[in-house]
Amino acid sequence: MPSPRRSVEGRSLGASAAGSSGGGGGGGSGGGGSGPGSPAHGGCAGRFEFQSLLSSRAPASDPTCARLRASESPVHRRGSFPLTAAGSAQATPAPLPEDDLMDLNPSFLGIALRSLLAIDLWLSKKLGVCAGESSSWGSMRPLMKLLEISGHGIPWLLGTLYCLSRSDSWAGREVLMNLLFALLLDLLLVALIKGLVRRRRPAHNQMDMFFTLSVDKYSFPSGHTTRAALVARFILNHLVLAIPLRVLVVLWAFILGLSRVMLGRHNVTDVAFGFFLGYMQYSIVDYCWLSPHNVPVLFVLWNQP
């Protein structure tokens, strides 16, 4: 005789099985006692419960897992698969302007030029011993200003024109005509370079020069130095002088250039470039040498019967 507990459990299980079979029979037609929803055939309820269990355990439903998988992908590691627009905007820094990059990473040439400029300014200030009456060599200032006048363009232009008007030989006129051409070329080139560079004169300079023009407020290059180098090379090549006079001409050109720094008129680089420019100017004059054969009109003006 079965126990009441086992009978009750059996009835309950049977009732549940009957109810499920009845529901399946009601849902299906012509299928007999077991339908598609029967547990024996792996019914829809079992499938739904299994699919819901799998979907609840799927890693794709977790946003943290999705981010981890995306970060571990090789595409994301190469930086071409950002997660979100906000994340990409935060990860990619804004590009710096070129000026900032040049300031942060100066070139070797820029550093060298700045260093040379600093040395030039320091040395020019140290050598400006005649820049004022209260300077260490202030008593030599009148002599330096006399040298300054000897290299000025106006005395040389007026003297050349006077000698050209008084000359009575074709050879002398030819030399003086080319000297006039060289002086005018020097004035033109120096004024052009000063207007382009626009480098100010040293701060310790006193603007008490003899007959200045608008471009004379600029410092680079030294016009007195270019003229001294040009005239010295011209004289040494076209005048027959004794050796002591030739040495005196060279010393005059060198001391005149040095006096420009001592008076505080120019920096050292202004004078150095002035010597180079004056030397090259004579090469231009020698290449374009004027003679009665190529420019006869100019020589007719000073022709005497």
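Trainee: Which residues is Asp186 in contact with, once its neighbours within four places in sequence are left aside?

Mentor: Contact means heavy atoms within 4.5 Å. Leaving aside those neighbours, Asp186 is in contact with Gly223, Thr226, Arg227, Leu230 and Gln281. Please note that this is a predicted model, in which local features need pLDDT of at least 70 and side-chain atom pairs count only at pLDDT 80 or more, while totals for chains, interfaces and linings use all residues. Residues are numbered from 1 along each chain as its sequence is written, and side-chain values use heavy atoms, with hydrogens and water left out.

Trainee: Is Asp186 buried or exposed?

Mentor: A residue is buried under 20% relative accessible area, exposed over 50%, and partly exposed in between (1.4 Å probe, protein chains only). Asp186 counts as buried because its relative accessibility is 0%. This residue lies in helix H10. Across the chain of 305 residues, 28% count as buried.

Trainee: How many helices and strands does the chain have?

Mentor: Helices (H or I, at least four residues) and strands (E, at least two) are DSSP runs, numbered from the N terminus. Here there are 14 helices and zero strands. As for contacts in the chain with a separation of 6 or more, 69% are between residues 24 or more positions apart.

Trainee: Which residues of the largest nonpolar core touch the most other members?

Mentor: A nonpolar core is a set of buried Ala, Val, Leu, Ile, Met, Phe, Trp, Tyr and Cys residues joined through side-chain atoms within 4.5 Å. In soluble globular proteins, nonpolar side chains tend to be buried together. The largest core in this model has 30 residues, and Cys130, Met144, Phe234, Trp252 and Val285 touch the most other members. At least two residues of this core come from each of helix H8 (141–150), helix H9 (153–166), helix H10 (170–197), helix H11 (223–238), H12 and helix H13 (268–287). The most is given by H10, with seven residues. As for Trp252, this residue touches Leu147, Ser150, Gly151, Trp156 and Ala228, not counting residues up to four places away in sequence.

Trainee: Which residues of H8 are buried?

Mentor: They are Arg141, Met144, Leu147 and Glu148. The buried residues of H8 line one face of the helix, because they fall within an arc of 115 degrees seen down its axis; the arc is that of the directions from the helix axis to the C-beta atoms. The face turned away from this buried side carries the exposed residues Pro142 and Leu146. H11 and H12 are included in what covers the buried residues of H8.

Trainee: Which residues does Leu147 touch, not counting those up to four places away in sequence?

Mentor: Leu147 touches Trp252, Ile255, Leu256 and Ser259. With 18% relative accessibility, Leu147 counts as buried. Although Leu147 and Leu256 are 109 residues apart along the chain, their C-alpha atoms are separated by 6.1 Å.

Trainee: How many salt bridges does the structure hold?

Mentor: A salt bridge is a side-chain nitrogen of Lys or Arg within 4 Å of a carboxyl oxygen of Asp or Glu. The structure holds six. One of them joins Glu148 to Arg260, with the closest N and O atoms 2.7 Å apart. Glu148 lies in helix H8 and Arg260 in helix H12, so this pair ties together parts that are 112 residues apart in sequence. Glu148 also meets Arg265 in a salt bridge (2.9 Å, N to O). Arg265 lies in the loop between H12 and H13, so this second pair ties together parts that are 117 residues apart in sequence. Both Glu148 and Arg260 are buried, and Arg265 is buried as well.

Trainee: What salt bridge does Arg141 form?

Mentor: Its partner is Glu133, with the closest N and O atoms 4.0 Å apart. Arg141 is buried, with a relative accessible area of 3%, whereas Glu133 is exposed, at 58%. Elsewhere, Asp120, Arg199 and Asp270 are linked in a network of salt bridges.

Trainee: Which residues make the nonpolar surface patch?

Mentor: Such a patch joins nonpolar side chains (Val, Leu, Ile, Met, Phe, Trp, Tyr) within 5 Å, and like charges are joined within 9 Å; its residues have over 30% relative accessible area and no salt bridge. Ile243, Val247, Leu251, Phe254, Ile255 and Leu258 make a nonpolar patch of about 560 Å². Among them, Leu251 lies in helix H12 (residues 243–262) and is partly exposed, with a relative accessible area of 43%. Accessible areas come from the Shrake-Rupley method with a 1.4 Å probe, and for residues only the protein chains shown count as cover. The accessible surface of the chain comes to about 19,900 Å², of which 68% belongs to carbon and sulfur atoms.
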